[in-house]
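Thank you all for coming. Before I say anything, please take a moment to look at the sequence and the model on the screen.

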Protein chains: 2
Amino acid sequence: MSENIIGNVTRFINLEPKEEQFFTGLLTLQTFPKKTILLREGEICQFEGYIQKGCVRVYYLDDNGFEVTILFAIEDWWISDIASFQDQKPSNLYIETLEDSEIYMLNPAAKEKLLSEIPKFERVFRMLVQRNLSTLQHRLVNTISKSASDRYLEFIKVYPSIPQRVAQYYIASYLGVSKEFVSTIRKRLASKQK
Amino acid sequence: MSENIIGNVTRFINLEPKEEQFFTGLLTLQTFPKKTILLREGEICQFEGYIQKGCVRVYYLDDNGFEVTILFAIEDWWISDIASFQDQKPSNLYIETLEDSEIYMLNPAAKEKLLSEIPKFERVFRMLVQRNLSTLQHRLVNTISKSASDRYLEFIKVYPSIPQRVAQYYIASYLGVSKEFVSTIRKRLASKQK
DNA sequence: CGTCTATTTGAATGTACTCAAAAGCGGTGG
DNA sequence: CCACCGCTTTTGAGTACATTCAAATAGACG
């Protein structure tokens, strides 16, 4: 049933059977069709979500109305706008499903209950934020110091399944290049001339 | 004495006089000359530091040995490699003073004591990490979607004091452009033609 | 099979980079 | 006080990487 999310959490902390039950009792499994917007700019994020099945992206609309993809998330990943969620303040991000998805949703009240009942969950959420921060740091450095084709290569190494699952222009908006240029990169790589 | 750091913390939580004393008792005020490396790649970060006076930068050495500045920090900012500090694992960042600096240092043992004694400090550190995350997200989006001169303009708006305090090539390594190009940008801006 | 969307291709352009050299600036010693 | 040295910034020429725009092709879905 909810094996995966337990597996995810127990990478960081151990749980008694009772604690597992308490935790899963606080979650709601929701299903969303492809292209559902789970959060939009200006809204307050009311969930931390664990993706049981599907694919989601988090993006930002820049000053020119251009979408910049911050993050792709697939099975076994968590998604949220944590700043908006924690402080209950308006988000400046969008979160959208790219496939039909099943997501375990944890709302603010449930999270609070969870943390006061089983404080060691603090660690789980801290780890998630930290990993987020490290990933983002690494990505910023890559964006600054690597060529687009190197970034593409690293991307398909880190997310091997994504290129088959999402449209190429989403990948372009993640890499920070035009959709045409992703096509050019792929052509070059295919002919091995890098 | 330690007014500033108290002011910083009490933006997030209220402190009784006793709690203030307990907190400041855990800190060590250290002074470092310009160009001191406080943390280098491979080391484990043993501090969270509050800058009382001075200027510091956090940078990363990319695959070509090129420095990418992640962050500048001046008075009233905190610095650390939080992932390395929390998990006591080797860092991949460098932290270096750019001016003679006075920094309140909090070591892992002291932080632990602080949190177990005054749990509401959890909030302070959570806010710091979150702010970090938001800033980094914003910076990534800018790096992807704005021209170098727009990024320069935003930089001097956010850090008005930095250009006067640090060498231009540090700013270049923050913006993700060559040092020569920062010079070109400045020339263009000076002649108002953007 | 036709329509809509996504991807590819190519030409022209622009933004930022590299390399090399010159100029500016701050400190130090004669 | 001036001359020199080292470090930083500026300037310019040539180049590379990535973009825009327009058009052609390919894929997906009803």
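This is a predicted model: local features need pLDDT of at least 70, side-chain atom pairs count only at pLDDT 80 or more; totals for chains, interfaces and linings use all residues.

Residues are numbered from 1 along each chain as its sequence is written, and chains are lettered from A and ligands numbered from 1 in the order in which they are written.

Let me begin with how the two protein copies are arranged. In general, two copies of a chain are related by a rotation about an axis and a shift along it. Here, a rotation of 180 degrees with 0.0 Å of shift along its axis brings chain B onto chain A with an RMSD of 0.0 Å, where the superposition is by least squares on the C-alpha atoms of residues with pLDDT of at least 70 in both copies. The two copies are thus related as by a two-fold rotation axis.

Where do the chains meet? The contact takes 22 residues from chain B and 22 residues from chain A, and by contact I mean that the C-beta atoms of two residues, placed from the backbone, lie within 7 Å. On chain B, the elements that give two or more residues to the side touching chain A are β5 (67–74), α3 (82–87) and α5 (121–145); such helices (H or I, at least four residues) and strands (E, at least two) are DSSP runs, numbered from the N terminus. The largest share of that side, 13 residues, comes from α5(B). By class, the side of chain B that touches chain A has 12 nonpolar, 8 polar and 2 charged residues, with Ala, Val, Leu, Ile, Met, Phe, Trp, Tyr, Cys and Pro counted as nonpolar, Asp, Glu, Lys and Arg as charged, and the others, Gly among them, as polar. Because 100% of the interface residues of chain B are also interface residues in chain A, the copies meet through the same surface.

Let me turn to the strands of chain B. Four of them, in the order β1-β8-β3-β6, form an open sheet with antiparallel pairing, and two strands are said to pair if DSSP finds at least two bridges between them. The edge strands are β1 (28–32) and β6, each of which pairs on one side only. Strand β3 (residues 48–53) is mostly covered, with 5 of its 6 residues buried; a residue is buried if 20 or more other C-beta atoms lie within 10 Å of its own, exposed if 12 or fewer, and partly exposed in between, with C-beta atoms placed from the backbone. This β3(B) is joined by 5 bridges to β8 (residues 101–106) of chain B, and in that pairing Glu48(B) stands opposite Leu106(B). Another 2 bridges join β3(B) to β6 (residues 78–79) of chain B, where Gly49(B) has Ile79(B) as its bridge partner.

A further pair is β4 (residues 55–61) of chain B and β5(B), which run antiparallel over 7 bridges. They form a hairpin with 5 residues between them, and Gly65(B) in the turn has a positive phi of about 75 degrees.

I finish with a loop residue. Asp76(B) has a positive phi of about 75 degrees although it is not a glycine, and its place is in the loop between β5 and β6 of chain B. With 13 other C-beta atoms within 10 Å, Asp76(B) is partly exposed.
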